[in-house]
Amino acid sequence: MITIKEITKRKDLRKFVDFPNKLYQDNQYYIPCFYADELKMLNPKKNPAYQYCETRFFLAYKNQKLVGRICGLINHAYNEKKNVKQIRFTRFDVIDDIEVTKQLFSQVIVWGQERGLNEIVGPLGFSDLDKQGLLVEGFEEESNTITLYNYPYYMKHLESLGFNKDADWVEYQVFTPASMNERINKIANLITRRYGYKVVKVKSKQELKPYVYKAFEIYNEAFDPLYGMVPLNKAQIDDTVKQFIALVNFEYLYLVTTKEEELIGFGLLVPSLNKATKKSNGRLFPLGLFRVLKALKTHEVLDMYLVAVKPEYHNLGVNALILCEGIKSAIKHGVKFAETGPELENNDQVRAQWKDFETRLHRRRRCYILKF
């Protein structure tokens with residue numbers, strides 16, 4: 001017998017967050033999220049995205065055993081921006097039982113219908129910085145701390161329920177060259193001479209402080225046209241800064257300014273935290289924090305967290321400057337490769353950046369849609 005329970009208590013939310021860790025405990029490719037961060041993300045009192053979002057959480061039990069979870073999410077800001085009537089699903093995990101999946105989605109769809117909505121999309125979270133996209137290729141590739149992992153049957157379950165593709169993202173491994181890429185180096189030097197751009201390297205949180213909010217203004221502006229995107233509000237930026245600042249290795253933070261010292265772009269790479277988070281199962285205490293700090297200093301793989309350039313400076317070489325500095329840092333520290341975050345498959349401008357590198361497309365993920 002399958003029973004669906006809506007979460008109303010904190011102890012159930014802990015079960016909700018911890019369920020995928022149990023589901024994937026024997027899977028070598030799954031990387032857990034930061035447990036405390038996830039609990040905070042799903043708390044309306046602590047997550048500023050609830051200023052324009054609302055959620056409901058459901059757990060599925062079969063014969064009194066926890067077998068699935070799902071979160072229904074209404075992003076009112078995005079619905080207004082795009083003039084759509086969507087409900088999102090996120091944090092969907094389930095055993096290989098289509099009946100459990102049916103009943104979980106039924107709860108979310110009924111809620112959407114009650115609110116006058118007419119389609120469900122996902123996996124999509126609160127913002128573009130949240131994990132998104134169901135894995136559809138690359139099941140035997142290690143995930144990372146900023147992306148989702150799921151079993152192949154998830155895709156089969158959704159498609160059997162009538163879901164169709166709405167958007168795809170692709171992910172690459174970009175291998176570090178043995179020596180500096182001459183073409184990119186020449187372009188970077190040319191851009192510096194022609195426009196007077198420069199790369200600012202900060203060495204402390206205090207030096208970074210004057211640039212932080214301008215950087216997120218650029219992020220909001222540059223990412224605004226992308227699928228599912230809603231600009232971060234002030235409270236979200238404050239929260240994101242607190243979260244990211246602990247992960248910044250200043251060697252991999254690149255700020256590009258004009259000769260008048262106006263910030264026009266930035267790139268942030270973070271040493272892979274996969275081994276640290278997996279070994280600690282996403283918990284920072286008692287030993288998880290030590291492992292994370294160690295990973296930030298000793299690493300062979302980088303995760304590309306964010307690269308953003310003011311739209312009016314696109315195609316003017318800012319990305320080349322960031323790439324050039326990134327290559328130098330990777331070579332210096334013996335990095336084998338960098339992992340891109342999910343890139344929309346039709347975002348040719350972003351994907352063209354890797355044409356001068358040895359790359360490997362190793363994961364594809366999908367956002368599904370179903371009208372009801």
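Modeller: Residues are numbered from 1 along each chain as its sequence is written. In this predicted model, local features need pLDDT of at least 70 and side-chain atom pairs count only at pLDDT 80 or more, totals for chains, interfaces and linings use all residues, and side-chain values use heavy atoms, with hydrogens and water left out.

Colleague: What makes a space a cavity or a pocket?
Modeller: On a 1 Å grid over the protein atoms alone, a cavity is a set of points where a 1.4 Å probe fits but cannot get out. A pocket is an open set with protein on both sides within 12 Å along at least five of seven lines. Lining residues have an atom within 4 Å of a point.

Colleague: How many cavities of 30 Å³ or more are there?
Modeller: The count is one. The largest cavity holds about 190 Å³, the volume being the space filled by probe spheres set on the points, joined across faces, edges and corners. Its lining has 14 residues, with L208, V212, F216, L253 and L268 closest to the centre.

Colleague: Why is the lining of the largest cavity called nonpolar?
Modeller: Ala, Val, Leu, Ile, Met, Phe, Trp, Tyr, Cys and Pro count as nonpolar, Asp, Glu, Lys and Arg as charged, and the others, Gly among them, as polar.

Colleague: What lines the second largest pocket, by class?
Modeller: Five nonpolar, seven polar and nine charged residues. The volume of this pocket is about 610 Å³. Among its 21 lining residues, S272, N274, K275, A276 and T298 lie nearest the centre.
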